[in-house]
Amino acid sequence: MSEAAPRRAWQRMLSGRRLDLIDPSPLDVEIGDIAHGLARVARWNGQTKGPEIFSVAQHSLLVEALFAAGEASPSGGARLAALLHDAPEYVIGDMISPFKAAIGGDYKRIEARLKRAILIRFGLPAEPPDELNRRIKAADRASAYLEATALAGFSIAEARKLFGEPDLPIGDFAGYLKSMRPADVEARFLVRFAQLDAEAAETL
């Protein structure tokens with residue numbers, strides 16, 4: 001009786017890298033793969049208005065902008081961490097929060113390992129300070145509110161109950177919610193990454 005084939009726990013990337021999902025190495029993380037993947041992963045399971053999906057890459061750009069707007073003098077490194085807050089989803093996809101809660105620990109452990117590898121790859125602390133995580137999460141919730149009400153069919157009352165209402169001039173971020181083609185979002189994400197990466201390097 002032949003032995004069963006070994007279970008594959010890696011993914012081949014377009015860059016040629018082979019990323020181990022269980023034990024990811026920072027050396028196998030490439031920003032081009034991240035941008036390409038995130039620009040093609042739909043937020044809200046694709047249940048959004050517009051001719052194109054609203055991608056995780058667009059969400060990441062919005063979160064970084066909201067994060068910066070809520071800070072007095074945010075560093076390039078902090079803004080880069082905000083931009084990359086959902087970067088593991090280029091491999092594992094975007095799951096809505098109720099489903100993440102139902103899956104539980106295994107998903108969270110894989111996501112955390114990928115996140116650490118990504119942060120190390122780009123010269124950021126593998127474990128960001130709790131205060132930074134809190135501030136990024138606040139921007140993430142503000143983004144969820146804007147996306148929910150502008151794109152995903154939520155009423156203002158429903159979104160306010162689930163995500164809270166941002167204490168920011170919401171109209172300033174309308175441009176981030178416009179439908180974009182994946183290739184255009186990918187390019188925009190890469191440009192913003194390069195800007196923030198350079199700023200972060202200057203502070204080291």
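Me: What makes N45 a loop residue, and where is that loop?
Reply: N45 lies in the loop between α1 and α2; helices here are DSSP runs of H or I with at least four residues, strands are E runs of at least two, and both are numbered from the N terminus. This is a predicted model, where local features need pLDDT of at least 70, side-chain atom pairs count only at pLDDT 80 or more, and totals for chains, interfaces and linings use all residues. Residues are numbered from 1 along each chain as its sequence is written, and side-chain values use heavy atoms, with hydrogens and water left out.

Me: Why is N45 called partly exposed?
Reply: Its relative accessible area is 48%. Buried means under 20%, exposed means over 50%, and partly exposed is in between, with a 1.4 Å probe and protein chains only. So N45, at 48%, is partly exposed.

Me: Is W44 buried or exposed, and how do you know?
Reply: W44 is found in the loop between α1 and α2. With a relative accessible area of 16%, W44 falls under the 20% limit, so W44 is buried.

Me: What makes S55 buried, and what does S55 touch?
Reply: S55 is in the loop between α1 (31-38) and α2 (56-69). The relative accessible area of S55 is 1%, under the 20% limit, so S55 counts as buried. Not counting residues up to four places away in sequence, S55 touches L38, A39, V41, R43 and V185, where contact means heavy atoms within 4.5 Å.

Me: Why is E64 called buried?
Reply: E64 is found in helix α2. At 2% relative accessibility, E64 is under 20% and therefore buried. Leaving aside neighbours within four places in sequence, E64 is in contact with R79, A82, L83, R192 and L196.

Me: How many residues of α2 are buried, and what span is expected for α2?
Reply: In α2, 13 of its 14 residues are buried. From its first C-alpha to its last, α2 reaches 20 Å, close to the 20 Å expected at 1.5 Å a residue; the expected span is 1.5 Å times one less than the number of residues.

Me: Why are α1 and α9 called oblique?
Reply: α1 and helix α9 (residues 182-202) pack at about 140 degrees, with their axes 8 Å apart. Axes are lines fitted to C-alpha atoms, for helices over the stretch in contact, and angles run from 0 to 180 degrees between N-to-C directions. Under 35 degrees is roughly parallel, over 145 roughly antiparallel, 65 to 115 roughly perpendicular, and the rest oblique. The pair α1 and α9 is therefore oblique.

Me: Which residues of α1 and α9 meet?
Reply: I31, G32, I34, A35, H36 and L38 in α1 meet E186, F189, L190 and F193 in α9. By class, this contact has 7 nonpolar, 2 polar and 1 charged residues. Ala, Val, Leu, Ile, Met, Phe, Trp, Tyr, Cys and Pro count as nonpolar, Asp, Glu, Lys and Arg as charged, and the others, Gly among them, as polar.

Me: At what angle do α2 and α9 pack, and which residues make the contact?
Reply: α2 and α9 pack at about 35 degrees, with axes 9 Å apart. The contact is made by A57, Q58, S60, L61 and E64 of α2 and V185, R188, F189, R192 and L196 of α9.
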